[in-house]
Amino acid sequence: MQSPIRKRLLEAFTNANGEFLSGQALADILGCSRTAVWKHIEELRKEGFELEAVRKKGYRIISTMDRVTENEIRLGLKTSKLGSMIQYLDTIDSTQKVAHQLAQEGCPEGTIVVAEEQTNGRGRLTRHWHSPKFTGIWMSIVLRPKLPPFKAPQFTLITAVAVVQAIEQLCDLQPEIKWPNDILIKGKKVTGILTELQADSDKIHSIIIGIGINVNQTREDFPEELHSVATSIAIENGGKLSRSILIQQILANLEKYYQIYLEKGFAPLKLLWESYAISIGKDIIARTVNEVIAGKAIGISDEGVLKIQDKNGVIHDIYSADIEV
Ligand code: BTN
């Protein structure tokens, strides 16, 4: 885990917005000697950060490594709660599993677990989630809203909005949401969201939101069977994107929407979600565990439940299904 001085040093560089910070200014902000500042800066340099040191001006730091280490994410992170604790792993079976464990041990709200690679990434309905090294974002976020468990699906929808907007903010792309948890670009899946709970029957202890984003994969990086259904941001955007910058933007958006949700409820976010949804107003087929329902998707309820009107005018509430648009 990172030292508090290192954390505050990276925050100071983040707040400086690319301006130089003198050794003395840093020592004052951190409450330590200039020698201690220099020691931390040297360690960041050894880790691969590029450091510019100019006499009479001070230091400026940039990252050029495209890793998703704690330091990389922290340099540029503008949130107060999300990312307060960052658990970085090079290789892990599933970040979701680690986040469950940390949540059980009482980690702070906003803890994130992020890995360069997952060897057993989990998708919805016990599917496998392909998570090759250094190419995507494989991240789990722990939240602790004081809510009953039936509200949990709303978090999948809020997260989807935060991710879609982050992609829009950083790329010239228009991703769309397919209920409940898929984000598509030009009809192919780029992101999946897996929301899991630790809860009693009437109270959530923690929500663990798993986000998998195909960021920098080439077409060849995907297994053959995924070619027709999956894509990456790099393929669609025509170039690579910094994964740590995308993580920072997602966390900033999600923190904002989580705050709105806690203050005003789901209604304002429901409207936003519907503006990005591809299925609403269209004829779709929903395959649930028990049945197949065909009809027009007429919207989502305040709880995030999909409403489908069949050809006889009957409205069906869909809690979990695979959707064909
Ligand atoms: C889906 O569309 O089926 C959901 C995919 C969720 C994948 C993410 S990657 C990070 C987190 N860890 C996991 O094992 N799964 C989620």
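Mentor: The domain bounds used here come from an automatic or database domain assignment. The model itself is predicted.

Trainee: What distance separates the centres of domain 1 and domain 2?

Mentor: Domain 1 spans 4–62 and domain 2 spans 70–276, with domain 3 at 283–324. Taken over C-alpha atoms, the centres of domain 1 and domain 2 are separated by 30 Å.

Trainee: How many residue pairs are in polar contact between domain 1 and domain 2?

Mentor: About 810 Å² is buried between domain 1 and domain 2, and carbon and sulfur atoms give 61% of this area. Salt bridges across this interface number zero. With both residues at pLDDT 80 or more, the residue pairs in polar contact number five.

Trainee: Which helix supplies the largest share of the side of domain 1 that touches domain 2?

Mentor: Two elements, α1 (4–15) and α3 (34–47), each supply at least two residues of that side. The largest share, five residues, comes from α1.

Trainee: Which residue places a backbone N or O atom 2.6 Å from an oxygen atom of the ligand?

Mentor: The ligand is surrounded by 21 residues, the closest being Ser94, Gln118, Arg122, Arg124 and Lys189. Thr95 has a polar side-chain atom 3.1 Å from a ligand nitrogen atom, while a side-chain N or O atom of Asn181 lies 3.2 Å from a ligand oxygen atom. The backbone N or O atom at 2.6 Å from a ligand oxygen atom belongs to Arg124.

Notes. Residues numbered from 1 in each chain as written. Predicted model: local features only at pLDDT ≥ 70, side-chain atom pairs only at ≥ 80, totals over all residues. Heavy atoms only, no water. Buried area = accessible area lost by both parts, 1.4 Å probe. Salt bridge = Lys/Arg side-chain N within 4 Å of Asp/Glu carboxyl O. Polar contact = N/O pair within 3.5 Å; in protein donor to acceptor, adjacent residues only side chain to side chain. Helix = DSSP H or I, 4+ residues; strand = E, 2+ residues; numbered from the N terminus. Near = heavy atom within 4 Å.
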